[in-house]
Amino acid sequence: MNHGATGPLVWTAKVLTLFPEMFPGPLGHSLAGKALENGVWALESVDIRTFARDKHRSVDDAPFGGGAGMVMRPDVLDAALTATAGPPGAPGRGRAIYLSPRGRVLDQELVKELAATPVVTLLCGRYEGVDERVLDAHGLEEVSLGDFVLSGGEVAAMCLIDAVVRLLPGVMGNEATAGEESFERGLLEYPHYTRPSVWTDGQGVERSVPDVLLSGHHEKVRAWRLAEAERITRARRPDLWSRYEAVRKAEGLNVGKQGRRRGPKPE
Ligand code: SAH
């Protein structure tokens with residue numbers, strides 16, 4: 001797969017939205033923006049409203065069964081999704097996702113999967129959401145940002161794209177840092193410090209950088225960072241911590257069996 005500016009398969013996000021003018025928005029800035037400009041990835045925003053067929057260009061209607069709010073119409077969304085796929089032989093719509101609070105919660109594992117998928121189509125809902133039948137008819141996967149309700153899928157789509165784009169080759173200035181980040185080893189990240197090494201806060205308290213980070217001793221720095229990452233994960237995320245411990249135990253057993261498995265040493 002070629003992510004290069006001239007390659008035929010640049011990672012592409014196709015976003016179906018009632019608000020195409022929201023894009024690229026924040027994605028047009030900083031790392032993602034530069035990468036977009038350099039052709040490392042491509043963005044196609046599709047205005048759902050252009051697929052409305054009645055004279056009022058309506059894209060939504062009242063819910064059957066009653067209740068508050070409006071529902072996005074299946075016929076309009078179907079036309080938009082079908083057009084997005086393009087003619088046979090075109091790269092198509094790739095993995096097709098409806099951003100929705102009912103979906104699988106986005107995590108770094110899914111982000112990595114999507115980064116390895118050349119085309120991702122993202123349907124952004126508004127109002128109460130979309131007619132269920134269009135999800136079934138198009139086999140849309142549902143992906144959520146978390147257990148809260150947004151007013152529309154656009155911000156969720158932007159988050160997903162941002163997380164994917166920074167994983168594409170050539171986007172991050174220092175790709176070596178990627179392997180160290182939160183979630184990479186199933187741990188949250190260790191704390192960071194920069195100059196000045198002693199900083200006086202607003203209350204006059206002198207706050208120093210941990211000595212080990214100034215020691216120049218790489219092995220000790222590495223061990224301190226791992227210990228901090230473990231401490232923070234254990235304190236803040238029992239869910240991640242129990243998974244990490246299980247992996248560590250399994251790897252510990254494997255060290256005995258296979259002799260040379262990499263990973264944290266058993267205690
Ligand atoms: N009635 C729906 C919420 C609709 S919010 C419910 O109770 O589940 C309107 C749109 O915002 C949704 O169609 C979806 O596209 C988007 N959205 C809201 N919360 C989201 C979340 N946590 N993750 C991803 N998309 C979300």
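## Overall make-up

Helices, taken as runs of at least four residues, and strands, taken as runs of at least two, are assigned by DSSP and numbered from the N terminus. In this predicted model, the protein chain holds eight helices and nine strands. Buried residues account for 25% of its 267 residues, and of the contacts between residues at least 6 apart in sequence, 70% join residues at least 24 apart.

## The largest nonpolar core

The largest nonpolar core contains 45 residues, and those with the most contacts inside it are Ile97, Leu99, Leu122 and Ala157. At least two residues of this core come from each of several elements, including strand E1 (11–17), helix H1 (30–37), strand E5 (95–105) and helix H5 (153–165); H5 gives the most, with seven residues. In soluble globular proteins, nonpolar side chains tend to be buried together.

Ile97 touches Val120, Thr121, Leu122, Leu123, Leu140, Glu141 and Val143, when residues up to four places away in sequence are left out. Apart from this core lies another, of five residues, among them Leu187, Tyr190, Ala229 and Tyr244.

## Ala115 and its surroundings

Ala115 belongs to helix H3. Because 20 C-beta neighbours lie inside 10 Å of it, Ala115 counts as buried, the cut-off for that class being 20 or more. Setting aside residues up to four places away in sequence, Ala115 touches Trp11, Val164, Leu167 and Leu168, while its C-alpha atom is separated by 8.8 Å from that of Ala163, 48 residues apart along the chain.

Conventions:
Residues numbered from 1 in each chain as written. Predicted model: local features only at pLDDT ≥ 70, side-chain atom pairs only at ≥ 80, totals over all residues. Core = buried A, V, L, I, M, F, W, Y, C linked by C-beta atoms within 7 Å. Buried ≥ 20, exposed ≤ 12 C-beta atoms within 10 Å, placed from the backbone. Contact = placed C-beta atoms within 7 Å.
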